[in-house]
Amino acid sequence: MSMDLETYYLNLRRSSARQLQQRREELEARDPGFALLQQKRSRVFAMTPQGAKLALNAIRLEEEGLLRQHGLPRDYLQPVYRCSLCRDTGYVGEPLKRKCTCRMKLEQEQLSESARINPRETFEHFSGGIYPDQISLQNGKQIAAFCEKYADTLPRPKICQLYLFGQAGRGKSFMGNAMAARAIERGVEALRLTAYRMTEEVMQGFSTGLSPLSRYVQVPLLVLDDLGTEPMIPNVTAETLFSVADQRSSGRLATVYISNLTPEELTDRYGDRIASRITDKAITKLLPFEGGSLRGGN
Ligand SMILES: [Zn+2]
């Protein structure tokens with residue numbers, strides 16, 4: 001997957017370089033002044049770093065003057081990047097490189113539906129329409145406000161874990177998705193998937209030899225949705241969940257769990273060893289979705 005993206009970015013940079021070269025050749029054919037400037041540029045390499053800097057600056061100003069004479073914008077001979085943040089490399093930051101937002105979005109697009117962050121489910125699209133009454137609407141608004149603040153303080157929010165629970169159709173998944181989307185918007189890597197999908201990926205890992213576990217454990221924000229609806233496969237489901245919950249809670253990593261199960265029901269299903277890590281009061285904010293009965297589906 002990441003190989004494909006490397007090629008994608010390389011192609012972007014190549015086509016940008018080609019376009020630039022083409023523009024340069026056309027201008028040099030129209031006006032020998034441009035060719036002269038290129039000759040000056042080639043001599044800069046022999047200069048001291050300080051001298052080179054001054055000379056390049058002077059050449060650039062001269063070039064902008066020429067472009068103006070031809071009625072062209074001053075950046076006409078600058079490379080055109082699709083993403084100016086990373087200059088189409090996919091990475092930002094020096095000396096410590098991290099993925100650019102544009103790259104994270106591309107990675108999201110390559111994921112399957114059940115493991116993808118939905119770009120339409122964001123805090124900007126929050127709507128009270130799904131709530132059947134004033135109480136649940138108020139509750140939903142408060143939770144949305146809390147979740148948005150949480151997302152805006154990633155990767156190190158004050159309280160590192162959230163447990164969103166309550167009956168279906170109250171927008172729990174929406175909140176989880178909105179937090180993951182906001183994280184990526186802010187340049188924090190996020191992974192959103194259902195517990196079902198997690199189990200499936202671990203099973204696939206047995207045959208491919210590529211375990212997804214380190215990804216679940218290391219990603220700065222993990223949103224695990226639909227906890228409690230996955231099949232309980234012996235030696236897989238509980239073991240995976242324990243590893244993830246144990247390592248993320250002891251590392252104080254931002255983790256959002258979403259479930260229809262109350263904390264008590266969670267303990268019944270997975271046992272105290274797992275449930276205590278997911279709802280550990282010292283590091284977890286419990287967010288119950290309350291209110292009257294349900295009006296529609298999800
Ligand atoms: Zn970028």
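A residue counts as buried if 20 or more other C-beta atoms lie within 10 Å of its own, as exposed if 12 or fewer do, and as partly exposed in between. The model described here is predicted. The domain assignment divides the protein into domain 1 (2-92) and domain 2 (111-288). The centres of these two domains, taken over C-alpha atoms, are 46 Å apart.

**Pro-263 and helix α10**

- Pro-263 has 18 C-beta neighbours inside 10 Å and therefore counts as partly exposed.
- Its place is in helix α10, which covers residues 263-270.
- Not counting residues up to four places away in sequence, Pro-263 touches Ala-275, Thr-279 and Leu-286.
- From Pro-263 to Arg-18 the separation is 245 residues in sequence and 59 Å in space, C-alpha to C-alpha.

**Helix α3**

- Helix α3 runs over residues 49-69, and at 1.5 Å a residue its 21 residues should span 30 Å; the end C-alpha atoms are 30 Å apart, so the two values agree.
- This helix is hardly covered, with one buried residue among its 21.
- Gly-71 follows α3 and has a positive phi, near 70 degrees.
- Leu-67 is found in α3.
- Leu-67 counts as partly exposed because it has 18 C-beta neighbours inside 10 Å.
- Leaving aside neighbours within four places in sequence, Leu-67 is in contact with Leu-72, Pro-73, Arg-74, Tyr-76 and Leu-77.
- Leu-67 and Ala-181 are 114 residues apart along the chain, and their C-alpha atoms are separated by 41 Å.

**Largest nonpolar core**

- The largest nonpolar core has 47 residues, and those touching the most other members are Met-179, Ala-180, Ala-183, Ala-190, Leu-221 and Leu-224.
- Helix α6 (residues 172-185) gives the most to this core, contributing eight residues.
- With residues up to four places away in sequence left out, Met-179 touches Cys-147, Tyr-150, Ala-151, Val-223 and Val-256.

**Strand pairing**

- Strand β4 (residues 190-194) pairs with β5 in the parallel sense over five bridges.
- Within that pairing, Thr-194 has Asp-225 in β5 as its bridge partner.
- Strand β5 (residues 221-227) is joined to β6 by five bridges, and the two run parallel.
- Leu-222 stands opposite Thr-255 in β6.
- A right-handed β-α-β unit is made by β5, helix α9 (residues 237-250) and β6.
- Strand β3 (residues 161-165) also pairs with β6, in the parallel sense and over five bridges.
- Tyr-163 stands opposite Tyr-257 in β6.
- β3 pairs with strand β7 (residues 284-288) as well, again parallel and over five bridges.
- Gln-161 stands opposite Thr-284 in β7.

**Burial of the strands**

- In a regular strand the side chains alternate between the two faces of the sheet.
- Strand β3 is largely enclosed by the rest of the structure, because five of its five residues are buried.
- From β3, Gln-161, Tyr-163 and Phe-165 point one way while Leu-162 and Leu-164 point the other way, and all are buried.
- Strand β4 is mostly covered, with five of its five residues buried.
- Ala-190, Arg-192 and Thr-194 lie on one side of β4, with Leu-191 and Leu-193 on the other, and all are buried, so both faces are covered.
- Strand β6 (residues 254-259) is mostly covered, and six of its six residues are buried.
- Ala-254, Val-256 and Ile-258 point one way from β6, whereas Thr-255, Tyr-257 and Ser-259 point the other way, and all are buried.

Technical notes:
Residues are numbered from 1 along each chain as its sequence is written. This is a predicted model: local features need pLDDT of at least 70, side-chain atom pairs count only at pLDDT 80 or more; totals for chains, interfaces and linings use all residues. A nonpolar core is a set of buried Ala, Val, Leu, Ile, Met, Phe, Trp, Tyr and Cys residues joined through C-beta atoms within 7 Å. Helices (H or I, at least four residues) and strands (E, at least two) are DSSP runs, numbered from the N terminus. Two residues are in contact if their C-beta atoms, placed from the backbone, lie within 7 Å. The expected span of a helix is 1.5 Å times one less than its number of residues. Domain bounds come from an automatic or database domain assignment. Two strands pair if DSSP finds at least two bridges between them. A crossover is right-handed if, with the strands pointing away from the viewer, the path from the first strand over the helix to the second runs clockwise.
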